[in-house]
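Please open the structure in your viewer and keep the selection tool at hand. Each stop on this tour tells you what to select and then what is there.

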Amino acid sequence: MPGTPASRPIPKPIVSMRGITKSFPGVLANDHLDLDIYASEIHALLGENGAGKSTLMKILYGFYRCDSGDILFDGLPLAIRSPHDARLHQVGMVFQDFSLIPALSVAENIALFLPHLPSVLNLKAINQRILEISKRYDLQVNPRAMVSQLSIGEQQKVEILKLLLAEAHLLILDEPTRVLAPHEVEALFKVLDSLRQDGYAIILITHKMKEVLECADRITVLRGGHLAGTLLRSEASEDKLVALMFEKKMASLQINRTPLISESQAPLLELSAAGTRAEGLVPGLKDIHLKVHPGEIVGVAGVSGNGQKELGDLVLGMIKCVRGRKFLFGRDSTHLSIQQVRKSGVGFIPENPLSMAISPFMTVLQNMALTRTWSYARAGGLRMDWKAVKGEAERTMQALEFSFPLYVPARSLSGGNLQRMVIVREMTAQPRLIIASYLTRGLDVQSTIAARQALVQARDNGAGVLFISEDLEELFSLSDRLIVLYEGTIVGSFKPDETNIFEVGHLMTGSVVQNDKIS
Amino acid sequence: MTKLAETVNRFPSGGQKVLQTVVRYLLMILLALFMFGLILLIAGKDPLASYKDIFSSTLGSTRGFSEVIVSMIPMLITALAVALPFRVGLINIGGEGQLFIGAAFATFGALTFSNLPAWLLLPLMALLGMLGGALWAFIPGYLKAIGLVNETITSLLLNSVAPKIIGFLILGFWHSPRDTVKTPSFVDAARLPTFFGTRIHLGLVFGLILLIAFWLVMKYTRWGLEMRAIGSNPQAAKRNGISLAKYLVIVMCLGGGIAGLAGMVQVSGFYGTLFPNFSMNMGFLGFMICWLAGADPLGIVLMAFVVSVIYSGGNLLQLTRGLPYAVINILLAFTLFIVLARPTFFKGKKS
């Protein structure tokens, strides 16, 4: 149900962003981006994770400061140094993880956010205003209720009410539908529609195609920090948007693919009807059937948060397999501990090395020993054979042409070096099954090639690889088989040459599976 | 909690830093004494004379010195009972309760098997004491490992349960025919041997050996490595295949066992009997000493010694200077403040 753009005489943008550039160490998050926001419009900001949507909006909201570029309000450049400045200029933002205080009531939370909060609260008056506004926009919540007792959908209403009471006229919503059930999404869009009719400007950050086409007036697509294009709703179609989001890039690395897959060989990993419990906002895995054979890289595509992390953790044994079974190397491993799984020959490269793989205050060398303390322990554990640890690690480092210091605390390493360290550690164990999530995140071009080469080499030696990534180009060039995860289920399974980036992009954003979901 | 463990893991424990550590602690203690001196002045007492009293009654005489060592023994052991779980990020405030239960188990051994010879009875009592403490610590450890309750709160709450159990046992079953509030005196075979004609007993050796073993285990062994990994980043350690739950339970029980041993040492080495409030807060003092020392073994020895001096000297101030006993708590509190302020306080001095 496409919304009709409000027809108005050519308006001036209320906010313009010009040449916004922002870099983080190692990443150019925004590269000379321009964006115009008009009153009475819903403007969708579309792009993959890491495309720079959130960064751009956090700059507008004063959360980050841009390296260069201007923000114009009604044509006048203004410096937005903090969210406080942004609020003074009637800009408000709802973050992905809400910022409400659970121990306070709805009215108290909203009062805290008001720009001119008097020393003595007049909660009655605030309650009154909440009721007025919530009636008008159909944002029904009880102002006296504790936030801790509200559902996620209600909390979102409170977040929006908060902005409205603080007299924001430009509302930025960061992936507002991520946490909502379908009927709640519908209700949210109705609210947004009525806000638009009252002259509010709304920016919707999202990567869900369907929603964009349903409610946005204009659509700006970002890709890798660049502006890929701005379309009016009437010009946009799913294909056009997918094309803008996932432009096919030239592969930076050519890998000779020697098809080694022998389906006749017993699979290294087999998940049959496996499922996990949903935790918090993240959907659990449902009914996963997956096999990884020796000599095969199985790529897992999907927008992050759709079950990739759970898939890796499920294989590792970090989270319980509550339904179905898991077989490793032909053995039923549904209930093995992580240590047993690792001992049986599984290597694990997690998505975030700092929080998930290393002990920051121990040295790099000590960290190298952590996954296999049993094999380096001497005299029944009374002594550790550090020479062996060092020797083995250095051998792998040479093979991969990685180099980093061994005798410094791990936390002093850069992100790229941490990732190299984890790759070296996991490859040293010569695993028969490798789970690699976001393998090349934070690596420079040369190390990226080396890391991929290491995986391909392991595969050529008969290992199986479960390769989780959001980089479609990388997935297509490395995988022997591809599966697509969406909301915890496998929505597609292909050989790379049977499909193309656009089809996978559709599946990742959930725009094709819509029919299946109803059944 | 991870943050605490990080602090601990950063704390130097190498041999080359020994001297630096000693000097740093001495400076801090001098500062605490200076501030306490101001309090004494306000109270109209002569600080120098008071310190002289404390010194002469503790370090100044052989007997005084030996008494300092005697009161330091349980502190050493209960501090270690906190330091070990600390390394995996567990906060064991339950030393007091574990000490009580350990003492009760040991007393049971002493009363029941009083016919056994000392070489058999004493190890048996030590084992029983450790078993009792470990059982008491198993409750918070297990509840933590299955992700139910924070061990800090459970171990603390259990502290007020344990003395009631002791009271029940003593008043109901174990009291001596003549005296209802304590057990009969232990037989000689159930008493730890003492040295040099003083009251210093074998418990000192227990404490020192355990501290050295703790240091060696943390530094050299596979288990020390794995424990440090857990303390530094539990999630990563788990993913790396270290069985977190197992470690949490075992280490908590070990900590409890050590505290239980402190209980056995007190009833067997010091009192030779068990009575309801025998602990004199040794469990809590151990917690404070462990914090002051940053869970470092050498630091524990130093801090236990200092606290013990203050404690023994405090008794005397009461007698000679007419000061209330509570002033000693002021001095202890100053020491605590200053040592805990250490990270910023001496930053300029660090390279």
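Predicted model: local features only at pLDDT ≥ 70, side-chain atom pairs only at ≥ 80, totals over all residues.

Residues are numbered from 1 along each chain as its sequence is written, and chains are lettered from A and ligands numbered from 1 in the order in which they are written. Helices (H or I, at least four residues) and strands (E, at least two) are DSSP runs, numbered from the N terminus.

**First stop: a sheet of four strands**

Select E2, E1, E4 and E5 of chain A, which in that order form an open sheet with antiparallel pairing; two strands pair if DSSP finds at least two bridges between them. Strand E2 (27-37) and strand E5 (76-77) of chain A stand at the edges with a single partner strand each, so one side of each has no neighbour in the sheet.

**Second stop: a sheet of six strands**

Next, select the open sheet of chain A whose six strands come in the order E6-E7-E8-E3-E9-E10, with mixed pairing. Its edges are strand E6 (91-94) and strand E10 (226-232) of chain A, and each has a single partner strand, so one side of each is left without a neighbour in the sheet. From one strand to the next, the twist averages 20°, where angles run from 0 to 180 degrees between N-to-C directions and axes are lines fitted to C-alpha atoms, for helices over the stretch in contact. Strand E9 (residues 218-223) of chain A pairs with E10(A) in the antiparallel sense over six bridges, and here Ile219(A) stands opposite Leu231(A) in E10(A).

Is strand E20 (residues 464-468) of chain A enclosed or open? Five of its five residues are buried, so E20(A) is largely enclosed by the rest of the structure; a residue is buried if 20 or more other C-beta atoms, placed from the backbone, lie within 10 Å of its own, exposed if 12 or fewer, and partly exposed in between. Gly464(A), Leu466(A) and Ile468(A) lie on one side and Val465(A) and Phe467(A) on the other, and both faces are covered. Strand E13 (residues 296-301) of chain A is joined to E20(A) by five bridges and runs parallel to it, with Val465(A) as the bridge partner of Ile297(A). Strand E19 (residues 433-437) of chain A also pairs with E20(A) in the parallel sense over five bridges, and Ile434(A) stands opposite Val465(A).

**Last stop: where the chains meet**

Finally, show both chains: 26 residues of chain A are in contact with 21 residues of chain B, contact being C-beta atoms, placed from the backbone, that lie within 7 Å. On the chain A side, the elements that give two or more residues are helix H10 (338-343), helix H11 (353-356), helix H12 (364-369) and strand E18 (383-384), and H10(A) gives the most, with three residues.

Notes: Contact = placed C-beta atoms within 7 Å.
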